[in-house]
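Me: I want to go through this model before setting anything up. Can you take my questions one at a time?

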Amino acid sequence: MASSPRLVVNLDIAGPTISRHVYGHFAEHLGRCIYGGFWVGEDSEIPNTRGIRNDVVEALRELRIPNLRWPGGCFADEYHWRHGVGPREQRPVMVNSHWGDVVEDNSFGTHEFMDLCEMLGADAYVNGNVGSGTVQEMSEWIEYLTRADDSPMARLRRQNGRDQPWKVPFFGIGNEPWGCGGNFRAEAYADLARQYSTFVRSHNGNDVYRIAAGANDDDVAWTKALMEALHDKGGPGRKSSPYQGVSLHYYTMSGHWDSKGSATEFNEEEYWKTVKAAHHIETLLTAHSTMMDVYDPHKAVGLVLDEWGTWWDVEPGTNPGFLYQQNTIRDALVAAIHFDSFHHHADRLVMANIAQTVNVLQAMLLTDPESGALVKTPTFHVFAMNAGHQDATALHTHLDSDGSHTLEGEQVPTFTASASTKDGQVLISMANLELEDESEVVLDLRGGSLEQVEALVLSGDKVSAFNAPAHPDAVTPRFLEVEEREGQLVLRLPAHSFATVRGTLSGQVPVVTAAAAATSSPTTGSKPCLNC
C-alpha cells in the first residue's frame, strides 16, 4: 500500500548552518583506495597528473569534496611520516599489518597527499600517530607541513621540493585508541590527547583544529572522559583547548562483525535490518551530543563523525583485508538517512567522513583493476544531489507521516527528509524507504513559496541494483515530475528511492531562527567554531 507522507517545510524558520565538512571523505592506505584508486604512478598508462588519476579527481570535484582524511584509520597509528617524504626510490618499505598484511612502499606520502588535496580543492585532515608514534614525531610533522621560515622541518620540506608551506586546517590525534590504535582505557588516552594536542602547534597563521579520537558506537563514557579532560572547554567565540573536536565512529550492517552480510545479495529482512541500523545514527548523535552539552552548553567543542558508512562482507574472490564491496541503492539510502540526521544535528556535528572514497567500503568510486574503468556508485549520486546543503542554513521541517515497517516488534520509519536554504535557493532531500511501494509526498511549504522548481530522483528496478563497468549508468539520477496542487507540491517517489527538490525563493522571505520561533527570543546557543 502506497504511503502519503506530508512534509511541512518552514521556509522562514532557520536553524544552524550545515557545515560543508559533514560531506567529508576518508582515504586510507587500505586495499586499492590509495594504490590503484587515487594513485597509479607517473608511468601509468592511465591518464594522471604527477601520479594521481585524472578521472578520480574530475569525478570528486563534481561533489565539491570539502575535506579528505588521511592516512588512516588504523593505518595512521603505524604510519611514520618521515618514511613517506624524499625521493620515492629511497623511501623505506613497511608492512601494512592491519590491512591485508601487504608491503607498503611509501610512494604515496605527505607531498603526494597534499598535491591531491590541492587538485581536489579540499581541506587536508591529517591523522597523526599516537599508537606507535611519539609526541616529537607528531609535532615535527605539523611543522614540516605548515611552517614558512627557516626552521629545521621547513628546511627539510624545501629540500624535498616544496618551498611554501601548506594549509592543514584539521589534525587528528590518533585513531580508535580503544582498539587498533593502542587498546587504551578512556582516561589513559584522554591524558595522551591532552599531551599530543599541546604540541600540534599552529604555525604561521595555520590555525589547527585538533580532533581527539573518540568513541565507538554508543560508548558515551568515552566521550565523557574526553570532555572532562579538556582544561578549557571554550565558550561563545572561543575555542576549547587543547583539542577542539571529539570524534565518533559508527558503521551500518545487517548482520554482525563476523558475518556482516552481502553487499548485493540480501533478502527483505536484511534490508530492513540495514535501514534500522542506519536510523540508529540519530540515537547516537543525540546521545553523544547530550553528554557534550553537560560540559559544553555553548557548543564550543565539535562532534566529528570521521568514520561512517556501510560495511559488508568483501566481494567473493577479493583479499579479505582489502574491504572491497559493491554499492547498491540500499547503500545510497543509508547515506540519505545519515545526511538527514547530520542536518538535524548541525548545531553540534561539524564534520563527517564517509569510509571510504575509492574502492573501499561505501565508496564513491570503484576502479576496475583490469580495464582501468571508473564507475560512479549510487552513493556518489546522493553526495552530488545533496551538494547544495553544504554551508547552507537548515530549515525547520515537520513530518506528518504514519509510515513505518515493523521489524522484530519495533517500528522502523519508512520516510526521511531535511531541507536547507542558501543564496536564495532551497534544497529539500527525501527518501522513500519502502521496499515495494511508491509514495505520494506532499510538500507543504509555509512562510514563503518557490519558483523554478526542479526535482531529481535516484532509484532502480530493484533495491540491489548497482553500477559496474558493463552497466555504469544502471543507477543514475533522472528528472522527476512535480505537481502543484492547492498551493502545495506533490511528488510520486518510486519504491526504495532518494529524491531532491530544488527551487528559488519567491520574493524576500523574512527568516527567524528556530529558537526564536519557539520562544519569541533570540537564541543564545552557538555552533562549534571551526575557524574562529
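Reply: A term to begin with: a disulfide is a pair of cysteine sulfur atoms within 2.5 Å. This is a predicted model, where local features need pLDDT of at least 70 and side-chain atom pairs count only at pLDDT 80 or more, while totals for chains, interfaces and linings use all residues. Residues are numbered from 1 along each chain as its sequence is written, and side-chain values use heavy atoms, with hydrogens and water left out.

Me: How many disulfides does the structure hold?

Reply: One. C74 and C180 form the link, with their sulfur atoms 2.1 Å apart. The link is left-handed, at -90 degrees about the S-S bond.

Me: Which parts does the pair tie together?

Reply: C74 is in the loop between β5 (67-70) and β6 (94-96), and C180 is in the loop between β9 (170-173) and α5 (186-198), so the link joins parts 106 residues apart in sequence. Helices (H or I, at least four residues) and strands (E, at least two) are DSSP runs, numbered from the N terminus.

Me: Is C74 buried or exposed?

Reply: C74 is buried, at 9% relative accessibility. C180 is partly exposed, with a relative accessible area of 26%. Buried means under 20% relative accessible area, exposed over 50%, and partly exposed in between (1.4 Å probe, protein chains only).

Me: What about C33, how far away is the nearest cysteine sulfur?

Reply: The nearest cysteine sulfur to that of C33 belongs to C117, 12 Å away, and C33 is in no disulfide. C33 is buried at 0% relative accessibility. C117 is in no disulfide either, and is buried with a relative accessible area of 2%.

Me: Switching to helices. At what angle do α2 and α3 pack?

Reply: About 50 degrees, with the axes of α2 (residues 110-120) and α3 (residues 135-146) 12 Å apart. That makes α2 oblique to α3. Axes are lines fitted to C-alpha atoms, for helices over the stretch in contact, and angles run from 0 to 180 degrees between N-to-C directions. Angles under 35 degrees count as roughly parallel, over 145 as roughly antiparallel, 65 to 115 as roughly perpendicular and the rest as oblique.

Me: Which residues make the contact?

Reply: T110, H111 and M114 of α2, and W141, Y144 and L145 of α3. Contact means heavy atoms within 4.5 Å.

Me: Where is Y251?

Reply: Y251 is in strand β11 (residues 245-252), and is buried with a relative accessible area of 11%. Leaving aside neighbours within four places in sequence, the residues in contact with Y251 are D217, W257, E307, W308, G309, W311, A355 and L361.

Me: A355 I would like to follow up. What kind of peptide bond joins A355 and Q356?

Reply: A cis one, with omega about -15 degrees. Q356 is in the loop between β13 (349-354) and β14 (365-367). The bond from W70 to P71 is also cis, with omega near 5 degrees, and P71 is in the loop between β5 and β6. Most residues other than glycine have a negative phi, and most peptide bonds are trans.

Me: Which phi does N359 have?

Reply: A positive one of about 65 degrees, although N359 is not a glycine. N359 is in the loop between β13 and β14 and is buried, with a relative accessible area of 1%.

Me: And E408, buried or exposed?

Reply: E408 is exposed, at a relative accessible area of 56%. Its phi is positive, about 50 degrees, and E408 lies in the loop between β17 (404-407) and β18 (410-413).
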